[in-house]
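Hi there,

Here is the structure I promised to pass on. Have a look at it first, and my notes follow below.

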Amino acid sequence: MLKAGIVGLPNVGKSTLFNALVANAQAQAANFPFCTIEPNVGVVAVPDGRLQMLSDLSSSREIVPTRVEFVDIAGLVKGASQGEGLGNKFLANIREVDAIVHVVRCFEDDDVIHVSGEVDPVRDAEVINLELGLADLGQIEKRRERLKKQARTSKEAQAEDAALARIQAELEQGGAARNVELGEEELPMLKPLGLLTAKPIIYATNVSEDDLAEGNAHSRAVEELALKEGAEAVRISAQVEAELIELGEAERADYLEGLGVSEGGLQSLIHATYRLLGLRTYFTTGEKETRAWTITAGMTAPQAAGVIHTDFERGFIRAQTVAYAQLVEAGSLPEARNRGWLRSEGKEYVVQEGDVMEFLFNV
């Protein structure tokens with residue numbers, strides 16, 4: 001299961017958002033910095049209306065959604081790359097995740113202390129991005145120093161050093177490692193470094209409930225920043241999400257309608273994080289269960305089968321496959337077969353988003 005780390009300055013709403021994400025998580029949310037010292041971890045179901053439809057078609061006894069793991073990481077401050085505010089510890093927590101959800105405060109509230117004294121989300125975002133960049137620079141400089149001797153005789157060390165030099169130049173210009181295009185042979189060399197700015201990022205603009213529908217000047221400024229960086233921005237109100245947890249489904253819909261939105265920002269954030277990680281979903285369905293499975297874009301049918309069990313990949317014969325939309329239109333697998341929509345796919349088939357599959361394999 002891939003992990004997304006929730007980061008940001010202290011008191012921007014990270015722990016409130018985390019609690020909303022995992023509903024019953026016990027992360028402490030309080031009006032002072034560093035209230036979350038150890039990273040809290042929560043596994044979040046990815047909302048997907050297709051599951052219920054498939055379950056109804058198959059009369060499944062159980063529905064099992066796919067999931068993303070979120071990690072609530074304590075607030076960073078200026079100087080974190082030099083160890084300020086337990087920065088080294090928190091940066092290490094970020095290094096272990098696959099993607100970053102950068103929560104930025106876009107609401108005014110005199111009762112909630114801002115670590116810098118005033119709300120300025122673009123400045124806040126740049127503080128975090130600078131600290132991540134400085135941490136990466138320090139790590140790259142140490143690695144390049146160790147490579148000096150090896151590079152005299154090793155072509156692999158020379159290639160790694162050249163790639164690091166390109167990333168270093170980008171970071172020194174205020175950019176991020178993810179902006180540097182790397183070859184297929186370079187990626188495995190650099191992966192052990194776990195560079196922070198190489199991780200994909202979503203900005204979560206945390207607004208008040210009054211601004212959830214339209215946003216405000218603060219959230220729009222962050223959206224412009226994300227656009228420049230080629231990142232994504234999702235508007236969310238952590239306080240609204242926390243309140244939604246206590247409501248039933250009908251009350252939740254009424255409450256959101258009253259705010260002028262069709263759904264909370266939480267679902268948008270989960271879906272955006274899922275897309276950000278380059279993930280796809282395929283389904284298996286039957287009387288026992290309807291289940292969503294997570295794969296990486298570009299996986300072949302045997303690799304997708306291996307997500308269920310390694311034996312499925314080793315003994316793969318073929319996959320009975322139908323597109324979700326076609327199955328729903330047909331109303332059943334037998335009817336999809338009658339219409340010629342149920343296909344038999346082999347080892348080279350690249351699984352598509354929403355495929356409904358049944359694998360045939362040798363034990």
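This is a predicted model: local features need pLDDT of at least 70, side-chain atom pairs count only at pLDDT 80 or more; totals for chains, interfaces and linings use all residues.

Let me begin with helix 4 (residues 121-150) and helix 5 (residues 155-172), whose axes come within 10 Å and cross at roughly 155°. Helix 4 and helix 5 are therefore roughly antiparallel to each other. The crossing of helix 4 past helix 5 is left-handed. On the helix 4 side, the residues in contact include L137, I140, R143, R144 and L147, while helix 5 brings in, among them, E160, D161, L164, I167 and L171. In this contact, 8 residues are nonpolar, 3 are polar and 7 are charged.

Now to another pair. Helix 1 (residues 14-22) packs against helix 10 (residues 265-276) at an angle of about 85°, and their axes are 11 Å apart. That angle makes helix 1 roughly perpendicular to helix 10. L17, A20 and L21 of helix 1 meet L266, L269 and I270 of helix 10. Here the contact has 6 nonpolar residues, with no polar and no charged ones.

As for the protein overall, it has 14 helices and 12 strands. Of its 363 residues, 46% are buried. Among contacts with a separation of 6 or more, 67% join residues 24 or more positions apart. The accessible surface comes to about 18,000 Å², and carbon and sulfur atoms account for 48% of that surface.

Terms used
Residues are numbered from 1 along each chain as its sequence is written. Side-chain values use heavy atoms; hydrogens and water are left out. Helices (H or I, at least four residues) and strands (E, at least two) are DSSP runs, numbered from the N terminus. Buried means under 20% relative accessible area, exposed over 50%, partly exposed in between (1.4 Å probe, protein chains only). Contact means heavy atoms within 4.5 Å. Accessible areas come from the Shrake-Rupley method with a 1.4 Å probe; for residues, only the protein chains shown count as cover. Axes are lines fitted to C-alpha atoms, for helices over the stretch in contact, and angles run from 0 to 180 degrees between N-to-C directions. Angles under 35 degrees count as roughly parallel, over 145 as roughly antiparallel, 65 to 115 as roughly perpendicular and the rest as oblique. Ala, Val, Leu, Ile, Met, Phe, Trp, Tyr, Cys and Pro count as nonpolar, Asp, Glu, Lys and Arg as charged, and the others, Gly among them, as polar. A crossing is left-handed if the near helix is turned anticlockwise from the far one by less than a right angle, and right-handed if clockwise.
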